[in-house]
Amino acid sequence: MARYIARRLVSSLVVLFLVSVFTFLIFQVIPNGNPALRIAGRGASSATLATVVKEWGFNQPLYVQYADMMRKIFTGSVVSYSGNINVMQQLRAGLPATISLAVGASVIWLSGAIVIGVLSSRRIGGTVDRLMGVLASVSISVPVYVIGAVALYFLAYKVAIFPNGGYVPMSQSFFGWLDHMILPWLCLSVGFIGLYSRVLRSSIIETEGEDFVRTAKAKGLTKRRILVHHVLRTSLIPIISLWGLDFAGVIGGGAILVETLFNLQGVGQYAAESIGLLDIPPIMVIVMYGTFFVVLLTTAVDILHAFAEPRVRLQA
Amino acid sequence: MLHDKVAIGSVIVFALIVIACLCAPLYARFVAGTGPDANHVTEVITVGGKPTDVVSTSGIPIGPTWQSKFLLGADSNGRDVAVRLLYGGRTSLAIGFLAAAITLTFGTLTGILAGFFRGWTDTVLSRALDVIWAYPVVLLGIALGTALELGGLKVGPVVISGNSLFVPALIIGFVFIPYLARPIRTQVLLLREREFVAAARLLGKGSLSIIVSEVLPNVISAVVVFVPLIVANAILLEAGLSYLGAGVQAPNPSWGTMIASGVALITSTPSLLFAPVIMLVATTVSMNLFGESLRNALGTTTSMTGR
Amino acid sequence: MTEPLLEVEGLRVGFSTDRGVVQAVEDVSLELDEGELVCIVGESGCGKSVTALTIMGLTRSPTTRIEGSVRFEGSELLDAPEGDLRSLRGPGIAIVFQEPVTSLNPVQRVGPQIAEQIQAHTTLDSGETRQRVIESMRRLGIPQPEQRWYAYPHELSGGMCQRVMIAMAMSCSPRLLIADECTTALDVTIQAQILLQLRGLCDDHGIGELLITHDLGVVAEVADRVVVLYNGRVVEQGTVRTILEDPQHPYTWGLLGSMPRLDRPRREHLSTIPGAPPEPGTAGGGCSFLARCPHAFDRCLEEPPLTPVPGASARESARCWLTLDQRRRLRMVGGDIGLAPAGGGR
């Protein structure tokens with residue numbers, strides 16, 4: 001077990017390193033373009049340009065540039081030239097909203113997916129199952145920001161049940177926080193519930209055909225016990241892996257569309273605004289942190305997975 | 001599967017949408033009488049007998065007229081929504097298909113090479129896939145989108161300008177590669193242990209020949225199942241990126257950019273949002289439903305997690 | 001005379017599929033007493049596993065049609081409510097399957113899996129349950145059961161897993177143990193050990209055992225009585241002596257003849273039963289063995305009933321139109337019991 005953890009950690013460190021190099025390449029080395037121009041932003045004056053060239057060392061060899069960039073990012077000293085603000089500070093300011101979104105939504109989507117997945121699997125091909133199948137296909141086809149826009153239109157504008165976007169920190173008002181988060185949570189969850197419930201359903205169907213489930217029935221166990229203790233325990237395992245990846249994705253700013261629509265001022269929205277301004281430094285930092293978080297979280301989930309599924313530890 | 005009404009229905013819907021978009025120039029010329037970029041801000045047309053401003057003085061454009069001109073209304077620049085919808089469809093669909101083609105080609109190739117040759121090839125390719133996989137899809141999309149936007153791409157003799165439609169297609173195609181490559185790799189890993197591969201080797205067949213004759217046919221069915229999924233996701237991602245401004249750039253119409261402007265005007269002219277949304281959703285839903293029917297028919301259980 | 005432990009009468013099991021109803025079991029009847037070990041023999045597809053699973057009620061589903069009667073200790077099982085069957089599984093009837101490693105939950109340690117069965121049927125606390133489990137494991141020859149409790153199925157060898165399965169099956173002291181090809185997946189030496197243990201359970205504890213197998217070697221080793229199945233029907237049943245020395249059905253002759261023997265001079269070719277076993281559910285009219293029997297004659301176009309063997313004990317019967325004398329004459333091929341090649345032997 002320890003060897004598996006060690007192997008996994010080493011492999012994730014390699015990936016992290018490669019991710020940093022790749023990000024570096026995207027932003028500073030892409031052929032045909034003056035990277036200094038990109039960093040400085042649109043409409044930068046020649047003075048700013050000169051500062052950028054000096055600070056970022058574009059006249060230095062590549063590996064020096066890389067080291068510099070990494071240092072800047074990790075000491076939080078990257079500055080956005082469009083607004084002259086420290087990127088890290090902005091990022092940190094947006095974290096509470098993004099984390100609230102991620103945690104709340106993932107709890108909703110996980111429980112929703114389990115309920116629907118289990119219900120669909122009880123009578124395969126039955127009305128519930130077919131209906132859920134169609135709904136699932138629809139839910140993953142509609143862009144999340146569309147659901148959000150429509151929801152806002154009907155539930156916040158036409159009938160003011162929910163506030164029209166914005167974020168209220170929990171420390172300020174619990175109910176205010178809740179009130180503002182419900183719509184974003186639901187919108188983000190819809191697509192995930194659709195996808196996850198189908199994956200779980202397939203997983204359950206596959207597990208129920210396994211020999212050990214037949215043994216469980218032959219032991220005279222109740223249907224409930226067989227479902228929860230034997231079937232679900234095994235069929236939930238792939239779901240948890242998926243969940244780790246998506247959860248990390250949301251925190252890493254992947255819920256950019258929902259955040260922007262609901263004006264949550266989270267990390268994702270910060271990234272979106274930077275795109276609009278073609279302001280590269282924030283995007284660079286967010287992408288770097290986002291990916292680091294994804295790699296770390298997926299490694300953690302994989303290790304947990306290995307605890308739950310002992311056979312995995314034997315694999316390369 | 002030919003009996004599956006849902007599958008047939010979705011194929012028909014999808015085909016209709018594609019045909020409609022292909023006919024965009026015809027519609028523009030013969031029905032609406034205007035192009036997708038033609039600006040009619042100051043014009044006045046007759047609706048129901050009354051002369052109405054295309055774009056009112058307070059900046060609110062006209063809603064659906066259900067006439068040949070401005071069938072679905074106009075946007076804030078006075079452009080014909082229906083015409084833009086069809087032209088935007090061409091853009092979105094073209095990018096979607098092109099991206100899907102890129103993903104399918106490179107994803108399958110990578111998956112097969114990594115799974116078949118193992119060793120160093122596998123290690124290197126798998127790490128590369130892990131790197132792409134680590135980026136949240138939208139973030140990678142916008143990273144590449146913004147990076148390429150300013151200067152375009154120049155690799156050797158190939159020059160693609162920042163404004164070209166190839167850029168979003170390339171980006172989207174690239175982003176989805178691991179989603180296909182990983183399951184394919186797992187499949188190939190299993191396949192190469194099978195007897196018929198060992199038999200082919202004993203017959204003295206070279207690796208390339210084995211891949212083509214033994215591995216490829218068995219992998220095809222898994223790949224085929226992914227096709228509708230990838231097309232649908234590519235179209236969705238394009239819409240998302242364009243919505244954010246990291247994909248197709250204005251004034252090129254695409255469903256994504258139209259949704260962006262539609263969201264802004266939702267309170268005054270909801271049709272601006274609903275028109276592209278309905279087209280987009282109809283396209284992706286039909287693709288996804290078709291994909292689900294395809295999966296049921298072929299009975300594969302390969303998942304997109306690739307583990 | 002005491003009531004038989006298990007009575008199966010006229011069992012018919014059919015599965016509805018896209019291609020129509022597949023009749024896996026056409027007509028099976030058998031009896032089993034306490035302390036008796038009966039082997040059900042047949043090739044793949046003859047319906048022996050389906051019979052075993054149906055006795056336990058494990059084939060119940062909306063697409064299955066089950067007819068006939070299965071009585072355990074006098075009570076009918078086929079129409080019993082699910083709750084009753086559940087209480088029976090473990091303390092009444094228990095089953096051991098063919099693939100021990102996959103029949104155990106891969107993400108759970110083996111100790112708790114055995115404990116689970118005990119806890120489902122008794123009210124012992126966890127300490128007592130653990131004691132019982134360890135005892136069970138020890139009795140089956142599992143070394144160091146206190147440590148083995150913590151093992152995962154994939155960490156144990158096939159033979160060890162099968163012992164765990166048997167320990168699990170025996171943990172609630174069932175009166176009837178069904179073993180479905182439980183030694184097929186094991187090496188011969190382990191097979192012998194397991195069979196010895198199964199026979200021991202029968203002799204020492206007086207439980208009834210129903211062993212499903214395709215291997216006549218197993219039959220010779222442990223059986224008291226044998227039931228031969230072909231194409232979903234019982235074609236012969238009798239004591240193990242009768243089956244091995246005075247078999248009454250051409251199919252049984254074929255089975256015996258196709259076993260390579262160490263105690264006879266080697267023949268040039270391995271003898272086989274010509275043709276192939278029928279797909280489950282393909283029943284035509286007439287004797288189901290007709291196509292492969294070299295001794296078929298015109299009467300065989302009508303399906304023979306299962307008739308008792310004259311002059312033998314009550315539970316010996318065969319499904320064949322040939323008379324006792326004819327059988328005794330026809331079954332010798334080259335000095336051995338076997339099936340003559342098609343066209344010869346008459």
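I began with contacts in chain B, counting two residues as touching if their C-beta atoms, placed from the backbone, lie within 7 Å. Of the chain B contacts with a separation of 6 or more, 69% join residues 24 or more positions apart.

This is a predicted model, where local features need pLDDT of at least 70, side-chain atom pairs count only at pLDDT 80 or more, and totals for chains, interfaces and linings use all residues. Residues are numbered from 1 along each chain as its sequence is written, and chains are lettered from A and ligands numbered from 1 in the order in which they are written.

Next I looked up the secondary structure: chain B has 11 helices and 4 strands (DSSP runs numbered from the N terminus, H or I of at least four residues for helices, E of at least two for strands).

Then I checked a helix pair. H7 (residues 177–191) and H9 (residues 207–244) of chain B pack at about 160 degrees with axes 10 Å apart; axes are lines fitted to C-alpha atoms over the stretch in contact, and angles run from 0 to 180 degrees between N-to-C directions. That makes H7(B) roughly antiparallel to H9(B) (angles over 145 degrees). Among the residues making this contact I noted Leu180(B) and Ile184(B) of H7(B), and Val219(B) and Phe226(B) of H9(B).

Last, I turned to chains A and C. I found 17 residues of chain A in contact with 21 residues of chain C. Helix H9 (211–218) and helix H10 (223–254) of chain A each supply at least two residues of the side touching chain C. H9(A) gives the largest share of that side, 6 residues.

Note on methods:
Parallel < 35°, antiparallel > 145°, perpendicular 65-115°, else oblique.
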